[in-house]
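User: I'm new to this one and want to know what the labels rest on. Can we go through them one by one?

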Amino acid sequence: MKIVVLNGSPKGNKLSFTMQYIYYAQKMFPHVEFNLINIGQKLNNMKIKEESFQEILKEMASADGILWCFPVYVLLVPAQLKKFIELLFENNAGEVLKGKFSGVLSTSMNFYDNTAFDYVHAIIEDLNMKYTGFFSNKSFDFDKIERRKTFYTFIKNILFAIENQLPTPRRFNPINIRKNFEFAPNEVLDEHKLDSNGKKIIIITENYSEESNLGKMIRKFKSSFKNEIDVYSIDNIDMKGGCISCLSCGYDNQCFYKDGHTDFVRKKLRNNDIIVYALALKDRYFSSRFKQFVDRAFFNGHTPITEGVQFCYMLSGSLSQVENLRQIIIAHSELGGGNLVDIITDEFGESEEINDLIYNMAKKALEFSKYGYVQTPTFMTVGGYKIFRDMIYGLPGVLFQADYRFYKKRKMFNFPKNKLSYRIMRLIFKSKKARAIFKKNMFKIFVRPYDKFFKNLDVEQEITEFVI
Ligand SMILES: Cc1cc2nc3c(=O)[nH]c(=O)nc-3n(C[C@H](O)[C@H](O)[C@H](O)COP(=O)(O)O)c2cc1C
């Protein structure tokens, strides 16, 4: 039996955490041929020769199963693997890969590994292949026997499915693209044009045609303001390659690459009040070029670089059919310390409605910016922050010293304490009587500080404190 292993790690085969599982599989299942293909390195400059790509495709077509292996990079797969996936679609690989069994294996810090897995799962189905499950592990957890046991069973299941040509349930619908809708932007009357009042606003996009829906959405957004809005295309940023995970940046946020990316992030992306992303969906994310831009921003480590920024999204594509991408967008805004104002797409509504939505988004972003409004974080961000905190406090904090200094300065190593008073209370609570007395008054005790607060609240004074 032949399994083709697509290795998305830019570290190559030998040095990749993820690939250690493949070496393990080779030992545990000697009768299986695991054929390793190092996509991460082959596509490091986001290009591959046509013959090399065709050779890989041929190899995949001749295999009994495919294992998609990758490190999670910024909530998804590395840009290099994303590019490879784009090439598969461009070459109609779904025709030759139809019915092939595919499993997914990744290592990470378990930070948004779920969105990366959902993405690859959907891609497998879009390529007409059969999805057989995923295995996710923390980078350093290979030594845990229970995890190796899980991995062993995971591989065994894939082999069993292949041997018996088992059916697999489908989860995702193919994406349906709204056809023939041309957005017609209207002009904003001079008296309705918005004054940015010194707020810094930029639009980040990719090369787009002025006549595409995206181009017209950008035009509409710009025309909502009295003043000029800068538009930057990531195609014009000089990026010599994808992130290679050298971690040179860990100590002092200096990227190994000397190209235009770092400068762009430092000089253009930072210090804005409003950032508008105007992008087109490509498969179930944005383009691999955009992903490369995002991955490379890893030189900032695990610290927020867009604190207080209002994020607006204008997208061309079927976002409502890619809930996973919406989750990623929300996470990007929250993790960067910013606020997601709105996501507007060209998939619903007529031009009039989209015009109103864009104008209203611009207005809302200005208003939110005035008050420094940032929506409260939800489970993913609160939980995700704790993963970062624990990680930076531990061994990775030795490498990521810039993060360590940042977290320390901000007092972000805020672990819960097992206070002596709690321990005493736990002892007291062993008594049924104590529990009964407390239960009777519990909620009254909890809200007591609020009673005091409302008694002393001076509404006018409170409001003056809100304005920034
Ligand atoms: C650019 C970059 C982005 C990363 N993003 C994530 C992430 O979003 N979530 C996560 O859990 N780990 C993230 N990691 C950590 C890697 O997923 C992790 O170290 C992985 O085990 C590396 O696997 P490899 O050795 O096979 O390349 C990131 C690492 C790099 C270099």
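User: What makes Arg410 count as partly exposed?

Analyst: This is a predicted model, and in it Arg410 has a relative accessible area of 42%. Buried means under 20% and exposed means over 50%, so Arg410, at 42%, falls in between and is called partly exposed.

User: And why is the contact of Arg410 with Glu307 called a salt bridge?

Analyst: The side chains of Arg410 and Glu307 meet at 2.8 Å, N to O. The cut-off is within 4 Å, so the pair of Arg410 and Glu307 at 2.8 Å qualifies. As background, side chains of opposite charge can pair when their charged atoms come close.

User: What makes the parts of the chain that this pair links distant?

Analyst: Arg410 and Glu307 are 103 residues apart. Arg410 is in the loop between helix H16 (401–409) and helix H17 (420–428), while Glu307 is in the loop between helix H11 (288–296) and strand E9 (310–316).

User: What is around Glu307, and how accessible is Glu307?

Analyst: Leaving aside neighbours within four places in sequence, Glu307 is in contact with Gly336, Gly337 and Arg410. Its relative accessibility is 43%, and since that lies between 20% and 50%, Glu307 is partly exposed. Glu334 is 27 residues from Glu307 in sequence, with 9.0 Å between the two C-alpha atoms.

User: How do you know that Arg170 and Glu125 form a salt bridge?

Analyst: Their N to O distance is 3.8 Å. With the limit at within 4 Å, 3.8 Å passes, so Arg170 and Glu125 count. Here too, distant parts of the chain are linked: Arg170 is in the loop between helix H7 (145–163) and strand E6 (201–205), Glu125 is in helix H6 (residues 113–126), and they are 45 residues apart.

User: What about Ala122, buried or exposed?

Analyst: Ala122, in helix H6, has a relative accessible area of 2%. That is under 20%, so Ala122 is buried. Not counting residues up to four places away in sequence, Ala122 touches Phe172 and Arg284. The C-alpha atoms of Ala122 and Arg171 are 7.7 Å apart, although 49 residues separate them along the chain.

User: How many salt bridges are there, and which residues make a network?

Analyst: The whole structure holds 18 salt bridges. Lys82, Glu86 and Asp283 are linked in a network of them. Within it, the side chains of Glu86 and Lys82 meet at 2.8 Å, N to O, so this pair is inside the 4 Å limit. Both Glu86 and Lys82 are buried.

User: Why are Glu86 and Lys82 said to be about one helical turn apart?

Analyst: They are four residues apart in helix H4 (residues 79–90), so about one turn separates them. In general, an α-helix has 3.6 residues a turn, so residues three or four places apart point the same way.

User: What makes the buried residues of helix H3 a face?

Analyst: The buried residues of H3 are Phe53, Ile56, Leu57 and Met60. Seen down the axis of H3, they fall within an arc of 100°, so they line one face. Turned away from the buried side are the exposed residues Glu51, Glu55 and Lys58. The buried residues pack against E1, E2, helix H2 (39–42), E3, H4 and helix H5 (93–97).

User: How do you know that the span of H3 is close to the one expected?

Analyst: H3 has 13 residues and reaches 18 Å from its first C-alpha to its last.

User: Why are E2 and E5 called edge strands?

Analyst: Five strands form an open sheet in the order E2-E1-E3-E4-E5, with parallel pairing. E2 (33–37) and E5 (130–138) each have a single partner strand, so one side of each is left without a neighbour in the sheet. Neighbouring strands of this sheet are turned by 20° against each other on average, direction ignored.

User: What makes E3 and E4 a pair?

Analyst: Seven bridges join E3 (residues 65–71) to E4 (residues 101–108). At least two are needed, so E3 and E4 pair. Cys69 stands opposite Leu105 in E4.

Notes
Residues numbered from 1 in each chain as written. Predicted model: local features only at pLDDT ≥ 70, side-chain atom pairs only at ≥ 80, totals over all residues. Heavy atoms only, no water. Axes fitted to C-alpha atoms, helices over the stretch in contact; angles between N-to-C directions. Buried < 20%, exposed > 50% of the residue type's maximum accessible area, 1.4 Å probe, protein only. Expected span 1.5 Å × (residues − 1). Arc of directions from axis to C-beta. Contact = heavy atoms within 4.5 Å.
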